[in-house]
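Hi,

Here is the structure I promised to pass on.

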Amino acid sequence: MRESFEKNKKGIVLMLTAAVLACVGQLMWKLSVTNGILFLICGFALYGIGAVIMLLAYRYGSVSVLQPMMSANYVLSAILGFLVLQEKISALKVVGIIIITSGVILIAGGDAE
């Protein structure tokens, strides 16, 4: 299991980076509604860079391991919504965040060899 994680580590790091950039890009889109076109443009740029990084990540692992890493986007969205937009995080959302995070960690273990 450790060997498969090491094999996929670069891809996992790149995919998590792509998830963060996509999430921040989407947050910028939301903020552009009240803050103008510069936020919209920055959002598209971040989202696009995230997409390119995602394509690079696929060079370093299998889709069945790397694609689920994008689920981290849901966790980060909830956290950014709370921190930046003062959205509430209910107990049910906390449970969801724990489940998603656990799944991402388990899948990061890699492919069965």
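Which residues in H4 are buried? They are Asn-73, Val-75, Ala-78, Leu-80 and Gly-81, where buried means under 20% relative accessible area, exposed means over 50%, and partly exposed is in between (1.4 Å probe, protein chains only).

Before the rest, a word on where this comes from. It's a predicted model, so local features need pLDDT of at least 70 and side-chain atom pairs count only at pLDDT 80 or more, while totals for chains, interfaces and linings use all residues. Residues are numbered from 1 along each chain as its sequence is written, and side-chain values use heavy atoms, with hydrogens and water left out.

Now the overall picture. The protein chain has 5 helices and 0 strands; helices are DSSP runs of H or I with at least four residues, strands are runs of E with at least two, and both are numbered from the N terminus. The C-alpha atoms fill a box of roughly 50 × 35 × 15 Å along the principal axes. Of the 113 residues, 28% count as buried. If you take contacts (heavy atoms within 4.5 Å) between residues at least 6 apart in sequence, 74% of them join residues at least 24 apart.

On to the core. The largest nonpolar core has 13 residues, and Ile-12, Met-15, Met-69 and Met-70 have the most contacts inside it. Helix H1 (2-35), helix H2 (37-57) and helix H3 (63-66) each supply at least two of its residues, with H1 giving the most, 5 residues. By nonpolar core I mean a set of buried Ala, Val, Leu, Ile, Met, Phe, Trp, Tyr and Cys residues joined through side-chain atoms within 4.5 Å. Leaving aside residues up to four places away in sequence, Met-70 touches Met-15, Ala-18, Ala-19 and Met-54.

Back to H4. This helix has 14 residues and reaches 19 Å from its first C-alpha to its last, close to the 20 Å expected at 1.5 Å a residue (the expected span is 1.5 Å times one less than the number of residues). Just after H4, Gln-86 takes a positive phi of about 55°.

Is Ser-90 buried, exposed or partly exposed? Ser-90 counts as partly exposed because its relative accessible area is 34%. From Ser-90 to Ile-105 is 15 residues in sequence and 23 Å in space, C-alpha to C-alpha.

Cheers
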